Amino acid sequence: MEPRIDLFTTEIGARLGKRFANLGLVVERSPLPKATRELVSLRASQINGCGWCIDMHTKEAAAAGETAVRLHLVAAWRESTVFTEAERAALALAEEGTRLADHHDGVSDATWARVREHYDDEQVAALVALVALINAANRLAVIVHQKGGSYEPGMLAEFA
């Protein structure tokens with residue numbers, strides 16, 4: 001499938017991109033660790049089948065020093081030994097927050113309790129916002145068939 005539209009070359013898309021990037025900056029400047037942000041974004045993007053975002057977040061994470069082993073194991077994080085308990089809690093929240101329709105109560109109380117064990121209020125606020133933002137980004141990219149493979153680290157910095 002070919003891309004349907006380069007969304008960000010339209011006037012509305014450019015304005016949307018700038019505002020979306022500014023929301024992302026709020027999360028980026030939060031005390032939520034960068035590694036956690038990239039792992040969460042990668043996991044939600046895997047679930048949503050967003051090639052563009054998977055490409056972006058694996059490359060951004062690698063550029064920030066994330067190991068190939070951890071990046072390869074994100075899809076099977078429950079069956080892996082390379083993630084901290086805090087990261088596991090964040091990945092669980094990412095999955096449940098992405099698959100809202102799979103659970104009538106949304107994010108489970110057990111997952112929420114694990115997140116609260118590891119993150120303070122500011123980090124939790126950033127984590128919740130991140131899950132919402134990456135899911136929105138995934139939907140934009142998947143709807144217009146934006147393909148992965150061409151992303152270069154830092155490429156979207158111009159929007160911020």
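## Helices H6 and H7

In this predicted model, H6 passes H7 in a right-handed crossing, where right-handed means that the near helix is turned clockwise from the far one by less than a right angle, and left-handed that it is turned anticlockwise. Helix H6 covers residues 109–118, and its axis and that of H7 come within 8 Å and cross at roughly 130°; axes here are lines fitted to C-alpha atoms, for helices over the stretch in contact, and angles run from 0 to 180 degrees between N-to-C directions. H6 and H7 are therefore oblique to each other, since angles under 35 degrees count as roughly parallel, over 145 as roughly antiparallel, 65 to 115 as roughly perpendicular and the rest as oblique.

The contact (heavy atoms within 4.5 Å) is made by Trp-112, Val-115, Arg-116 and His-118 of H6 together with Asp-121, Gln-123, Val-124, Leu-127 and Val-128 of H7. These residues of the contact of H6 with H7 divide into five nonpolar, two polar and two charged, where Ala, Val, Leu, Ile, Met, Phe, Trp, Tyr, Cys and Pro count as nonpolar, Asp, Glu, Lys and Arg as charged, and the others, Gly among them, as polar.

## Helices H5 and H7

Helix H5, residues 85–98, packs with H7 at an angle of about 50°, with their axes 10 Å apart, and H5 and H7 are therefore oblique to each other. The crossing of H5 and H7 is right-handed, and the contact is made by Ala-90, Leu-93, Ala-94, Gly-97 and Thr-98 of H5 and by Leu-127, Val-131, Asn-135 and Arg-139 of H7.

## Helices H2 and H3

The axes of H2 and H3 come within 9 Å and cross at roughly 160°, and these helices are therefore roughly antiparallel to each other. Their crossing is left-handed, and among the residues that make the contact are Glu-38 and Ser-41 of H2 and His-57 and Thr-58 of H3.

## The largest pocket

The largest pocket has a volume of about 1,000 Å³. A pocket is an open set of points on a 1 Å grid over the protein atoms alone where a 1.4 Å probe fits, with protein on both sides within 12 Å along at least five of seven lines, and lining residues have an atom within 4 Å of a point; the volume is the space filled by probe spheres set on the points, which are joined across faces, edges and corners.

The lining consists of 36 residues, of which Phe-20, Ala-21, Met-56, His-57 and Leu-156 lie nearest the centre of the pocket. The elements that give two or more residues to the lining are H1 (11–28), H2 (34–48), H3 (51–63) and H7 (121–143), helices being DSSP runs of H or I with at least four residues, numbered from the N terminus. The largest share, eight residues, comes from H1.

## Notes on the model

Residues are numbered from 1 along each chain as its sequence is written, and side-chain values use heavy atoms, with hydrogens and water left out. Because the model is predicted, local features need pLDDT of at least 70 and side-chain atom pairs count only at pLDDT 80 or more, while totals for chains, interfaces and linings use all residues.
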